[in-house]
Amino acid sequence: MRPFCLAVLAATAIAAPAVSATGPSRTFQPQDLFGLQYAGDPQVRPDGRLIAYDRASYDQMADRALHSIWLVDPATGAQTPVETGQASAGNARWSPDGTRLVFSGMAGGLTDLYTVRADGKDLRRLTNDGYGDFQPQWSPDGKTIAFATDRDSASFDILRFKPWR
């Protein structure tokens with residue numbers, strides 16, 4: 001057993017890349033923060049063939065995070081953005097039949113609710129008012145969407161509506 005361990009250790013030492021004694025060639029700088037992106041809030045489509053997630057990047061000039069909705073195919077790893085037409089979009093949730101996403105989108109400083117097909121076509125604005133609408137969720141039958149809103153300035157409310165009247 002001991003000769004085997006020594007052989008593995010020797011092979012690892014040979015295969016390991018050399019590390020510069022002076023350290024990395026460049027250190028992380030404050031402006032590097034604006035080049036970072038992260039993913040969050042993964043939502044698996046009911047049939048399991050796609051995963052929608054929130055990708056955040058940073059706008060250095062506006063000094064804020066920008067969110068966009070992306071899809072990943074778990075079988076291939078291919079990733080594509082969902083064209084939402086919004087400056088920032090997130091909180092995507094699949095309809096029960098997996099054909100549409102409902103999401104919060106921000107344009108012009110207002111956050112409203114939208115739906116879109118997974119291919120980015122047939123974008124529909126569901127709310128259009130001076131209030132913030134967030135965290136949408138489909139009902140199990142797909143006929144109603146519940147969401148949080150700041151319509152009552154003292155607190156958030158939970159409302160629901162039937163978008164397909």
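**Talking through the model**

Modeller: Let's start with Q86, which lies in the loop between strand 4 and strand 5; strands are DSSP runs of E with at least two residues, helices are runs of H or I with at least four, and both are numbered from the N terminus. This is a predicted model, where local features need pLDDT of at least 70 and side-chain atom pairs count only at pLDDT 80 or more, while totals for chains, interfaces and linings use all residues. Residues are numbered from 1 along each chain as its sequence is written, and side-chain values use heavy atoms, with hydrogens and water left out.

Biologist: Good to know. Is Q86 buried or exposed?
Modeller: Q86 counts as buried, because its relative accessibility is 16% (buried means under 20% relative accessible area, exposed over 50%, partly exposed in between, with a 1.4 Å probe and protein chains only).

Biologist: And which residues is Q86 in contact with?
Modeller: Leaving aside neighbours within four places in sequence, Q86 is in contact with F103, G105, M106, A107, Y114 and L123; contact means heavy atoms within 4.5 Å. Q86 and M106 are 20 residues apart in sequence, and their C-alpha atoms are 5.8 Å apart in space.

Biologist: Switching topic: where does R93 lie?
Modeller: R93 is in strand 5, residues 88-94. R93 counts as buried, since its relative accessibility is 16%.

Biologist: What joins the side chains of R93 and D41?
Modeller: A polar contact of 2.9 Å does. That term covers a pair of N or O atoms within 3.5 Å; within protein, one must be able to donate a hydrogen and the other to accept it, and residues adjacent in sequence count only if both atoms are side-chain atoms. Not counting residues up to four places away in sequence, R93 touches several others too, including Q43, R100 and W138.

Biologist: Nice. What about the open sheet, what order do its strands have?
Modeller: The open sheet has 4 strands in the order 1-2-3-4, with antiparallel pairing (two strands pair if DSSP finds at least two bridges between them). Strand 1 (38-44) and strand 4 (79-81) stand at the edges with a single partner strand each, so one side of each is left without a neighbour in the sheet.

Biologist: How many bridges are there between strand 2 and strand 3?
Modeller: Residues 51-59 of strand 2 and 64-72 of strand 3 pair over 9 bridges in the antiparallel sense.

Biologist: Last one: how many helices and strands does the chain have?
Modeller: The chain has 1 helix and 11 strands. Of its 165 residues, 31% count as buried.
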